[in-house]
Amino acid sequence: MKLTVFGATGGVGGEIVRQALDAGHQVTAVVRDPARLTVSGDALDVVRTGLSEGAEDQERMRAAVAGREAVLSGLGARARKEAGVAERVTRALLSAMRAEGVRRLVVVSAAPVGPDPAGSPLLDRVARAGISALLRDIYTDLRRMEGLLEESGTEWTSVRPPRLVDRPLTGSYRREIGVNPRSGRTISRADVAHAMLASLTDPATVRQGVGVAY
């Protein structure tokens, strides 16, 4: 497939690029700083853009998604001071996709944005409430991002992991469509990328939030 990856220098985004290239896809990586991109390959193109809604950045984003079969985004705030980036960039990205007629989009979100399954243990509910309060600005940003997806005409999927860890790809994790896996605590960035790529061709994930966890 011809894929475009936003946030390709981040932990999840870099894994998406790496795994997509290993799987034989043609990848366009959209980055703000190409020097931070640690992945290379003959099937990789790099587009530099400030990821804003300005005319110049929008033209670059349109060029990056033109003719692609799907777009994946690993973008998100890594600290509270960056809250707002997911909503802002997703709005600009959706505009570029509409202009170029690209419909399939898979993004990374977070478990606290999605619902827990019925009957979740009290400890899980207390822990979630505490994390949601501590990182309220980040999760508000992600909820607004998902609101943009729901209002769009794209065939979107939002993958919602719990706490991310740096561990190797296993390909073995729980996945629940519409809710979070029960008592899910962690998952590696590599396995989140794996879940995002797997969602591309799974019609059951279209216009759905997908919870993933070990």
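Four bridges join strand E8 to strand E10 (residues 208–213), and the two strands run antiparallel, where strands (E, at least two residues) and helices (H or I, at least four residues) are DSSP runs numbered from the N terminus, and two strands are taken to pair if DSSP finds at least two bridges between them. Within this pairing, Glu176 stands opposite Gly211 in E10. The model is predicted, so that local features need pLDDT of at least 70 and side-chain atom pairs count only at pLDDT 80 or more, whereas totals for chains, interfaces and linings use all residues. Residues are numbered from 1 along each chain as its sequence is written, and side-chain values use heavy atoms, with hydrogens and water left out.

Both strands belong to an open sheet of eight strands with mixed pairing, in the order E3-E2-E1-E4-E5-E6-E10-E8. Strand E3 (44–48) and strand E8 (174–177) stand at the edges with a single partner strand each, so one side of each is left without a neighbour in the sheet.

The axes of helix H2 (residues 55–65) and helix H3 (residues 85–100) come within 9 Å and cross at roughly 60°, the axes being lines fitted to C-alpha atoms over the stretch in contact and the angles running from 0 to 180 degrees between N-to-C directions. In the contact (heavy atoms within 4.5 Å), Gln58, Met61, Arg62 and Val65 in H2 meet residues in H3 including Val89, Leu93, Met97 and Glu100.
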